Amino acid sequence: IFYNVASETNKDKAATAAPSLSDKARYTIVTHESPLKKSTRNSRTHIIRNKEGVPFICTIPNPAGSDEERSNSDEDPAPETAAPVSLDSLLQPLTGRCLVRNEGYWNYELCHRKTMRQFHAEPNGVRTEYSLGDFVSASEQSVKDGGEDMVVHNFEGGTNCDETGTGRATSIQYRCVPGDNDHLEAITEVATCQYVIRFATSAICNPGQRAAKPRPFKARDFLAPLAGSCFYRVEGWWTYEFCYGKHVRQFHQENKVTTADFLLGKFVEGENMRPEPVRPADGGDASYSQYYSQGTACDITGGLRKTEVQFVCAAEQHNVFHSIKEKASCEYVVVFYTALMCNHPAFQIQEDPLVQMDCYPADPTVYPMPSMPSID
């Protein structure tokens, strides 16, 4: 535990050393045993104490594009020769993203460079969940069968495994798949509670083209696993059927005989399809819509019935026909919950990347131990 507190005798020194730390920034602190020896020209410096009151000189790199960074760059220009680009650095756009893959009963969620978990959620809210590990390391390896390089992220210390007595662990293999969107491609339990996940991405296919424009994300691509599937919802007398990419239907059966049947719209390729997810102005859930038209004629309006299907990210759900409402005569809105949509960047919760703070022992004669209240 560290505190950004200076002693009374050194308050002025600490105040002039650097601006205060941001409450919004996220830091990871790395402590060093040896005193600070390198230049702090391109860094901001803070005097920070641990819970025992021991002082440290902590440095944070100046933000790119800041006045300090530009000033220092003018005084001491960097060499023109750029450092080699690592494959792992090309995965930086995944920072802050969590991607989900469904495999039958289980959902698997990878939060890039953070956590890997396996979970199942019942409609009544009961959930079963296992941690498959926390991120510990990254490396680059060559694939024997294809010869191309891949990035491997290792996750360890997951939920304890009853069979082995150790924590679950996972190896994520990021492999080049040209032109493909980022997704969990395959999950294999190679040994008891030991997992290997193949992650398909085009980000590492051209390591020499770091500035290449990424392929646009198409929301419809993420829903491809729904093709050929139908989902049902019963509301009173009516049963509603949604067949992805085909139609929305309303019907009633008695003794397995259909006594009433209305087509609420059929999917017409390219017709009124919203290209990307949108987030309402009131800050509600983002959704991606498809429009199903040319349904059964409506006696009230004289037009044809039509339906908007809104796909909403629900990481704890599999695929659920959540609701249907008639917003106007013979015009319907279906809300469909799916974890598949959570993989689209528009549904990701973007977090600021961690800022590394390097802390070195400070001279206790310059920053003597303060009188601080005890902390349990």
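pLDDT is the predictor's confidence in each residue, from 0 to 100. This is a predicted model, in which local features need pLDDT of at least 70, side-chain atom pairs count only at pLDDT 80 or more, and totals for chains, interfaces and linings use all residues. Residues are numbered from 1 along each chain as its sequence is written, and side-chain values use heavy atoms, with hydrogens and water left out. The mean pLDDT of the protein is 77. The structure holds 16 aromatic pairs.

**Confidence**

- 71% of the residues reach a pLDDT of 70 or more.
- Helix H1 (residues 11–17) has the lowest confidence, with a mean of 38. Strand S14 (residues 238–243) has the highest, at 94. Helices (H or I, at least four residues) and strands (E, at least two) are DSSP runs, numbered from the N terminus.
- Residues 3–19 stay under 50 in pLDDT, and the model gives them 29 contacts beyond four places in sequence. Contact means heavy atoms within 4.5 Å.
- Residues 72–83 are also below 50, with 5 contacts beyond near neighbours in sequence.

**Aromatic pairs**

- Rings of Phe, Tyr and Trp (its six-membered ring) pair if their centres lie within 6.5 Å; planes under 30 degrees apart count as stacked, over 60 as edge-to-face and the rest as tilted.
- Tyr-174 and Phe-199 form a tilted pair, 4.8 Å centre to centre, with 45 degrees between the planes.
- This pair links distant parts of the chain: Tyr-174 lies in strand S10 (residues 169–176) and Phe-199 in strand S12 (residues 194–201), 25 residues apart.
- Tyr-174 counts as buried because its relative accessibility is 0%. Phe-199 is buried too, at 1%. Buried means under 20% relative accessible area, exposed over 50%, partly exposed in between (1.4 Å probe, protein chains only).
- Phe-242 and Tyr-244 pair edge-to-face, at 6.5 Å centre to centre and 85 degrees between the planes. Both residues are buried.
- One aromatic cluster includes Phe-242, Tyr-244, Phe-267 and Tyr-292.

**Charges over rings**

- Arg-117 places its charged end over the ring of Phe-119, 4.1 Å from the centre.
- The criterion is NZ of Lys or CZ of Arg within 6 Å of the ring centre and within 35 degrees of the ring normal.

**Sheet**

- An open sheet of 8 strands runs S13-S14-S15-S16-S17-S18-S20-S19, with mixed pairing. Two strands pair if DSSP finds at least two bridges between them.
- Its edge strands are S13 (230–235) and S19 (319–328), each pairing on one side only.
- Strands S16 (residues 257–267) and S17 (residues 288–293) run antiparallel, joined by 2 bridges. Phe-267 stands opposite Tyr-292 in S17.
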